[in-house]
Amino acid sequence: MTTLSPTPETTPLAAAPVSSAPASPPPAMQLRELAFGAARAAALRAAAGLGVADALGESPATAEELARAVKAEPAPLRRLLRALSCYGVFAETEDGTFAHTEMSRLLREDDPHSLRYICLWCTEPWTWEVWPRLDDAVRSGASVFPETFGKGFFDYLHQDAGESAQVFNRAMTTSSVQSARDVADLLDLTGVSSVADIGGGQGHVLASLLEKHPAVHGTLLDLPGVVAGADARLRDDGPLAGRARIVPGDCREEIPFEADLYIIKNILEWDDGSTRRTLRNVVAAARPGARVVVIENLVDDTPSMRFTTAMDLLLLLNVGGAKHTRESLVTRISDAGLKIREVRPVNAYLHAFECVVPG
Ligand SMILES: C[S@@+](CC[C@H](N)C(=O)[O-])C[C@H]1O[C@@H](n2cnc3c(N)ncnc32)[C@H](O)[C@@H]1O
């Protein structure tokens with residue numbers, strides 16, 4: 001795939017978008033569109049997979065030019081781009097070329113806020129096998145993964161779906177890197193000399209905090225396969241290695257260290273037993289007065305409800321998990337023995353529950 005550079009032929013006509021689908025169609029059409037949500041998801045996935053957004057440069061390009069760049073047929077590519085442009089992903093212009101929009105730029109791999117891997121993750125092949133069984137999951141309240149694939153989700157991912165596991169890691173990295181800055185900006189580390197990130201993935205949140213606070217030490221705990229790929233800043237001769245400790249482990253079993261501040265971000269989304277065990281293990285590891293900050297997407301009381309409720313249903317299907325309501329998280333945290341001091345937004349889609357381990 002090549003990126004199309006601006007040419008004299010494509011620059012001057014740069015292009016009023018053709019008026020497309022109405023923003024707010026009547027209810028019967030809205031329902032038809034909702035029922036065809038899979039077509040939208042598939043179109044996004046196809047565009048991300050083909051690399052169309054990466055091939056389109058700053059100037060509009062024809063479907064033929066784009067098709068050559070991504071090695072596709074022009075006519076079906078035009079159909080794909082038109083379908084997406086109805087939703088503001090790419091814009092079709094009056095001269096029949098296609099231009100970037102704010103959303104289509106986010107499909108580029110090199111965009112600083114790229115959502116390419118998140119779009120791929122949300123539409124991975126296994127998702128198309130479990131969505132039709134949502135009614136079963138709603139009846140039983142349990143994951144449909146074991147029945148569909150003969151094993152649990154993470155076993156399937158790591159044993160049978162290596163490419164999907166890679167996409168998962170890239171998607172988690174994207175989302176962690178983007179939210180790590182917001183978390184580092186939010187948290188006041190006055191009086192804190194050690195931070196632990198429980199289920200901290202590859203350590204992007206921890207690295208952001210250590211970079212911002214040069215006197216603070218940090219510990220990253222996650223599953224062995226995950227910390228093996230920890231952020232290079234924390235590993236070996238990385239610039240933060242002297243202040244970072246990497247602990248492979250299972251936070252449902254034990255959290256074998258003390259810290260002034262524990263961060264638990266986007267992990268309390270699995271089965272209820274695992275959530276309760278993890279919170280109890282933090283309380284058991286921490287000394288009285290230690291801070292615990294739980295950071296989660298909420299399915300209520302948030303502007304990102306459409307996205308979060310969709311993730312919530314996917315969690316039901318794949319791991320039998322759930323995103324929390326404000327109340328359900330408050331209950332789990334309080335049941336573990338933590339005192340909640342404050343709940344506040346981190347950004348448009350995350351909330352932080354600031355807690356303390358009582359004396
Ligand atoms: C959605 S990711 C969130 C990662 C990170 N906290 C963040 O917000 O960027 C969930 C993380 O929980 C980790 N995890 C899952 N089960 C775990 C366990 N039993 N013990 C420790 N970490 C676990 C996963 O490996 C993954 O890194």
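A salt bridge is taken here as a side-chain nitrogen of Lys or Arg lying within 4 Å of a carboxyl oxygen of Asp or Glu. In this predicted model, the count by that rule comes to 23 salt bridges.

One of them joins the side chains of E124 and R45, with 3.0 Å from N to O. Because E124 lies in the loop between α7 (116-122) and α8 (125-130), while R45 belongs to helix α2 (residues 37-50), the pair ties together parts that are 79 residues apart in sequence. E124 is buried, its relative accessible area being 4%, whereas R45, at 23% relative accessibility, counts as partly exposed.

Another salt bridge is formed by the side chains of R233 and E211, again with an N to O distance of 3.0 Å. This pair links distant parts of the chain, since R233 sits in the loop between α14 (224-227) and β5 (244-248) and E211 in helix α13 (residues 204-212), 22 residues apart. R233 is partly exposed, with a relative accessible area of 23%, and E211 also counts as partly exposed, at 46% relative accessibility.

A further salt bridge is the one between E342 and R344, whose closest N and O atoms are 3.5 Å apart. Salt bridges that share partners, in turn, join R133, D135, D136, R139 and E147 into one network.

| Residue | Relative accessibility | Class |
|---|---|---|
| E342 | 40% | partly exposed |
| R344 | 24% | partly exposed |

Methods
Residues are numbered from 1 along each chain as its sequence is written. This is a predicted model: local features need pLDDT of at least 70, side-chain atom pairs count only at pLDDT 80 or more; totals for chains, interfaces and linings use all residues. Side-chain values use heavy atoms; hydrogens and water are left out. Helices (H or I, at least four residues) and strands (E, at least two) are DSSP runs, numbered from the N terminus. Buried means under 20% relative accessible area, exposed over 50%, partly exposed in between (1.4 Å probe, protein chains only).
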